[in-house]
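The sequence and the structure are shown first, and the points follow by topic.

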Amino acid sequence: MIPLKLLLVDDSAAFLRALSGYLGTQPHLQVVGTARSVDEALALIRAGARPDMLLMDINLPGVDGLTGMRRLRAELPGVAIIIVSLLDGQAYREAAAAYGAAAFVSKARLNHDLLATIHQVAAHR
């Protein structure tokens with residue numbers, strides 16, 4: 001089975017380390033990079049990172065995650081983006097969907113929902 005390549009985007013270095021470590025234990029997933037902003041994610045993509053999926057926060061320095069989805073899709077049109085955020089509410093979920101997110105996972109429910117959501121999004125690609 002070819003692993004699903006993930007790029008993680010979050011402003012917290014500690015969260016990125018923890019999430020990358022956790023996802024790295026999954027044999028079907030491969031973290032191909034981490035970024036603390038949309039600009040860093042774009043730099044990784046322009047340097048050759050070719051993720052199948054991005055896991056991205058809303059609150060990011062500079063360009064927020066919702067607005068950043070459009071910039072990232074301009075570089076990688078087919079990439080699936082899952083918003084992973086503490087900002088969990090209907091308005092945030094609706095905004096994420098309107099900006100083109102494939103799914104939304106609350107950080108409060110990460111342990112319960114993340115892997116299932118990744119698999120669900122991957123299955124619909």
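Leu6 is located in strand β1. With a relative accessibility of 0%, Leu6 falls under the 20% limit and therefore counts as buried. The model discussed here is a predicted one.

- Beyond its neighbours within four places in sequence, Leu6 is in contact with Leu23, Leu29, Gln30, Val31, Val32, Gly33, Pro51, Met53 and Ile118.
- Two of these partners lie in helices that pack against each other: Leu23 belongs to the α1 side and Ile118 to the α5 side of that contact.
- Leu6 and Gly65 are 59 residues apart along the chain, and 16 Å separates their C-alpha atoms.

**Packing of α1 and α5**

- Helix α1 spans residues 13-23 and helix α5 spans residues 110-123; the two pack at an angle of about 60°, and their axes are 13 Å apart.
- The handedness of the α1 and α5 crossing is right-handed.
- On the α1 side the contact involves Phe15, Leu19, Tyr22 and Leu23, and on the α5 side Leu110, Leu114, Leu115 and Ile118.
- Sorted by class, this contact of α1 with α5 comprises 8 nonpolar residues, with no polar and no charged ones.

**Nonpolar cores**

- In soluble globular proteins, nonpolar side chains tend to be buried together.
- In this model, the largest nonpolar core comprises 21 residues, and Val9, Leu54, Met56, Met69, Leu72 and Ile83 have the most contacts inside it.
- Two or more residues of this core come from each of β1 (4-9), α2 (38-46), β3 (53-56), α3 (65-75) and β4 (80-85).
- Helix α2 gives the largest share of this core, with 4 residues.
- Leu72, with its neighbours within four places in sequence left aside, is in contact with Val38, Ala41, Leu42, Ile45, Leu54 and Met56.
- Another core, of 19 residues, lies apart from the largest one; Leu8, Ile82, Ala103 and Val121 are among its members.

**Ile82 in strand β4**

- Ile82 is placed in strand β4, and its relative accessible area of 0% is under 20%, so Ile82 is buried.
- Its contacts, apart from neighbours within four places in sequence, are with Met53, Leu54, Leu55, Met56, Ala103, Val105, Thr117, Ile118 and Val121.
- Ile82 and Thr117 are 35 residues apart in sequence, and their C-alpha atoms are 8.4 Å apart in space.

**Packing of α2 and α3**

- Helices α2 and α3 pack at an angle of about 5°, and 10 Å separates their axes.
- Such an angle is under 35 degrees, and α2 and α3 are therefore roughly parallel to each other.
- Helix α2 contributes Val38, Asp39, Ala41, Leu42, Ile45 and Arg46 to the contact, while helix α3 contributes Gly68, Arg71, Leu72 and Glu75.
- By class, the α2 and α3 contact holds 5 nonpolar, 1 polar and 4 charged residues.

**Gly68 in helix α3**

- Gly68 is part of helix α3, and at 0% relative accessibility Gly68 counts as buried.
- Residues up to four places away in sequence not being counted, Gly68 touches Val38 and Val63.
- Between Gly68 and Ala41 there are 9.6 Å in space, C-alpha to C-alpha, and the two are 27 residues apart in sequence.

- The relative accessible area of Ile2 is 76%, which is over 50%, so Ile2 is exposed.
- Ile2 and Leu66 are 64 residues apart in sequence and 29 Å apart in space, C-alpha to C-alpha.

Technical notes
Residues numbered from 1 in each chain as written. Predicted model: local features only at pLDDT ≥ 70, side-chain atom pairs only at ≥ 80, totals over all residues. Heavy atoms only, no water. Axes fitted to C-alpha atoms, helices over the stretch in contact; angles between N-to-C directions. Left-handed = near helix turned anticlockwise from the far one by under 90°. Contact = heavy atoms within 4.5 Å. Nonpolar A, V, L, I, M, F, W, Y, C, P; charged D, E, K, R; others polar. Core = buried A, V, L, I, M, F, W, Y, C linked by side-chain atoms within 4.5 Å. Buried < 20%, exposed > 50% of the residue type's maximum accessible area, 1.4 Å probe, protein only. Parallel < 35°, antiparallel > 145°, perpendicular 65-115°, else oblique.
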